[in-house]
Structures are given as structure tokens and as C-alpha cells.
Amino acid sequence: MSLTYLYQDRFVSKEELQISPEDRGYYFGDGVYEVFRVYHGRLYEAAAHFERWEKSAAALRIPLPFPSGELTGRLEELIRINGLSEGTVYMQVTRGAAPRSHPFPADTKPILMAYTTEARRPLNTMKEGISAVTMEDIRWLRCDLKTLNLLPNVLAKQHAVDQGAGDVILHRNGTVTECSASNIMIVKDGAVITHPANHLILHGITRAVVLRLAQGLGLSVRETPFTLKELRAADEVFITGTTVEVTPVISVDGVPVADGRPGEITRRLQNEFEKTISF
């Protein structure tokens with residue numbers, strides 16, 4: 001059965017959806033996006049996602065065609081129409097369609113599109129953990145904006161695939177930033193440590209949830225840069241993200257993290273996260 005898409009203010013089939021070849025999303029990646037997790041047919045942490053959506057659009061000076069409050073209802077309707085229980089909603093807006101020219105076009109209308117995808121929780125990798133490899137972070141300096149310009153992330157993820165790894169851990173001159181599509185945290189001497197939420201990383205929604213959960217457990221939480229050397233000496237390593245939730249990293253560049261098994265604090269955080277989605 002063909003899925004229904006949200007296009008501007010209409011619900012249409014994929015076959016009806018038509019995007020201009022002059023859309024600036026094709027030319028320049030001139031747009032922003034969000035990926036919402038859906039549990040039990042409901043958007044997870046919707047307010048936080050929309051806050052980031054608005055911030056990214058404002059930074060790119062893209063006027064949003066609809067207020068977030070109105071969009072929430074439309075995404076909920078999209079979920080209902082497509083009968084989605086567990087999965088994701090992808091939503092993007094581009095600056096619009098105009099003849100190719102670098103400056104912002106004077107008269108163009110932003111183009112909004114959203115669709116749903118069924119996606120099961122990654123229970124096996126969350127239980128067993130993944131391997132990771134490291135790679136220099138070559139992206140631009142506004143990684144806090146969730147833009148359509150994802151080619152460096154794509155290349156990084158493919159590098160992980162080529163190495164038979166689950167993900168890439170990015171670093172700038174030896175300082176760990178994040179992964180190809182997730183945030184990273186280490187545990188050392190009982191403290192949860194992660195890179196500060198500045199312009200060098202995406203301000204992950206799951207990252208924020210996990211930090212709140214860690215504080216609720218009475219754990220020491222430090223948002224401070226850490227190095228590759230500290231990464232390799234960590235007691236535990238895990239990644240956080242909309243689709244990966246809280247996933248342990250059990251080896252880095254072929255070397256086991258501690259004893260090569262998911263750690264106790266990672267497990268505690270997984271259990272606490274589970275409670276937040278059991279609504």
C-alpha cells in the first residue's frame with residue numbers, strides 16, 4: 001500500500017508528490033530537517049525536536065511555512081493515516097524553487113515535506129553493542145544546525161561500513177566530537193562525559209534525555225571535551241540517537257573497550273530510557 005506524504009499543507013500519495021528540479025535542496029542542500037521517533041503511534045520528545053527545527057531554520061534564514069504547533073497536529077495525522085506504531089517521521093523544508101544562483105531568491109516559497117517509515121528498535125545491537133572506528137572530523141563548523149548538507153556524514157558512515165564497524169567516532173585534531181549520525185559519551189570512574197553542546201556537535205534530543213536520566217540516577221555528568229586517548233582508556237563507551245537510543249560501543253579501532261562488554265552504567269541508562277518510552 002502506498003504511503004501518504006505531507007506536502008506543504010496537503011496529504012498526498014508518493015505518486016502525486018512532485019518536487020521541482022530547481023528546488024534549492026537539490027542545488028545547495030539549502031534546507032533543514034528533523035527525524036522524530038515514534039513509539040506506540042506517538043511522537044517522542046516532539047517539543048524538543050521542534051525547538052531545534054526552528055533554531056536551524058532561523059540560522060539559515062528560511063521562513064517556516066507553518067508554526068510548529070500546527071505542524072505537530074499534521075504529523076500526528078500523518079502517523080494516523082499511515083497506521084504507524086513504531087518508526088520514524090522524517091520532515092524537511094527547503095528554501096524553495098528558483099533558478100540556480102547562490103544568493104537567496106527574492107520571491108520563493110519554502111517547500112515542506114514529511115513522511116513516515118516503519119523502524120523497529122535496535123534491540124540486538126543495544127544488547128550486544130557495536131564496534132566503532134575513528135576518523136578525522138572534516139565537517140563545517142556549524143554542526144549544531146540540522147541541515148541537508150550531510151555528505152561528510154555519509155562518507156563517514158560508509159567508512160564504518162567498509163571497515164565492518166557499526167559507526168565512526170569523529171575527532172578534530174584528537175578531540176572527540178560525535179559520530180556519523182549520533183552523539184557519543186564515555187564513562188570514566190563513574191562519571192558520564194560528553195562533548196559540550198556547542199557548534200561542533202548536533203544537540204541531540206536523545207543526548208539531552210540521557211543526560212537528564214544520568215543526573216536523575218545521581219551520576220556525575222560532565223559536558224567537557226575529551227581526547228582519543230581518554231576515549232581508549234574509558235570504562236564504558238556508548239552512543240545516543242533517535243534511532244539507536246542508547247547503544248554500547250564495545251571496541252574502538254579493533255581494541256576492546258574495557259572488558260569488551262556493555263558496561264553497568266550503560267545498562268542502567270538503557271533501563272531508564274526504556275521507562276520514558278513506555279507511555
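## Helix H6 and its end

H6 is followed by glycine 218, whose phi is positive, near 80 degrees. Helices are DSSP runs of H or I with at least four residues, strands are E runs of at least two, and both are numbered from the N terminus. The model is predicted, so that local features need pLDDT of at least 70 and side-chain atom pairs count only at pLDDT 80 or more, while totals for chains, interfaces and linings use all residues. Residues are numbered from 1 along each chain as its sequence is written, and side-chain values use heavy atoms, with hydrogens and water left out.

The 12 residues of H6 (residues 205–216) should span 16 Å at 1.5 Å a residue, which agrees with the 17 Å between its end C-alpha atoms; the expected span is 1.5 Å times one less than the number of residues. Among the buried residues of H6 are Ile205, Val209 and Leu213, where buried means under 20% relative accessible area, exposed over 50% and partly exposed in between (1.4 Å probe, protein chains only).

## Aromatic pairs

A search of the whole structure finds 7 aromatic pairs, counted for Phe, Tyr and Trp (its six-membered ring) when centres lie within 6.5 Å, with planes under 30 degrees apart called stacked, over 60 edge-to-face and the rest tilted. Tyrosine 5 and tyrosine 115 form a tilted pair, because their ring centres are 5.3 Å apart and their planes stand at 40 degrees. Tyrosine 5 lies in strand S1 (residues 4–7) and tyrosine 115 in strand S6 (residues 111–118), so the pair ties together parts that are 110 residues apart in sequence.

Tyrosine 5 is buried at 12% relative accessible area, whereas tyrosine 115 is partly exposed at 26%.
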